[in-house]
Amino acid sequence: NDSTIVFTALGHIYKKKLPNGVPKRITTLSDFEAEPHFSADGKSVVFVTWNDEELGAIYSVNLDGTNLTKITKEKGIYRTPAFNSDDSKIVYRKESGNGDQGYDYTKKTGIYIANADGTDAKRVSKNGEFPSFSADDSRIFFQTGGSFFGGLTKKLKSVNLNGKEERSHFSSKLA
């Protein structure tokens, strides 16, 4: 049983067979790459890129480096993409601008769902971070309250795939 991890190092996505494999870069992009997430079948990853001139995008690539595909069609600041259980859809966050990455193309921010090829993208929540699909793919879970530990109250919420029926599942100042 081969186990492989994927990770970001020095601005690029690498894979490594466990326990003693040699890290190998998956892509040849010159953009910064980050936040890889395995497909359900374990054969590919979805990840975000950043380039100061072209801004950000979401890509997918097979673990062997083939079939590199740009999923998003418009520029933006994209974060934490993830596949659903049959790799037919992705969920991701479109982030608002900041002093380092600028404020261009940062309207309509929030949590989005799209087909795995990027088509039919729709916003399902105006706020939230770290989106993921429920085990049965019927809901999208996300966190609110910021990503820093401490003062802000964090909540785990979910919505259905149309962004309706919002539920709060958990709330904590220390989580």
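**Pocket and strands**

Modeller: By class, the lining of the largest pocket has five nonpolar, two polar and six charged residues. Ala, Val, Leu, Ile, Met, Phe, Trp, Tyr, Cys and Pro count as nonpolar, Asp, Glu, Lys and Arg as charged, and the others, Gly among them, as polar. This is a predicted model: local features need pLDDT of at least 70, side-chain atom pairs pLDDT 80 or more, while totals for chains, interfaces and linings use all residues. Residues are numbered from 1 along each chain as its sequence is written, and side-chain values use heavy atoms, without hydrogens and water.

Biologist: Which residues lie nearest the centre of the largest pocket?

Modeller: Glu74, Tyr78, Tyr92, Tyr112 and Ala121, out of 13 lining residues. A pocket here is an open set of points on a 1 Å grid over the protein atoms alone, where a 1.4 Å probe fits, with protein on both sides within 12 Å along at least five of seven lines; lining residues have an atom within 4 Å of a point.

Biologist: Switching to strands. How many bridges join S1 to S2?

Modeller: Seven, between residues 3-9 and 12-18, running antiparallel. Strands are DSSP E runs of at least two residues, numbered from the N terminus, and two pair if DSSP finds at least two bridges between them. Phe7 has Tyr14 as its bridge partner in S2.

Biologist: And the open sheet, what is its strand order?

Modeller: S4-S5-S6-S7, with antiparallel pairing. S4 (32-38) and S7 (69-70) each have a single partner strand, so one side of each is left without a neighbour in the sheet.

Biologist: What stands opposite Glu33 in S5?

Modeller: Thr49. Five bridges join S4 to S5.

How values were computed: Helix = DSSP H or I, 4+ residues; strand = E, 2+ residues; numbered from the N terminus.
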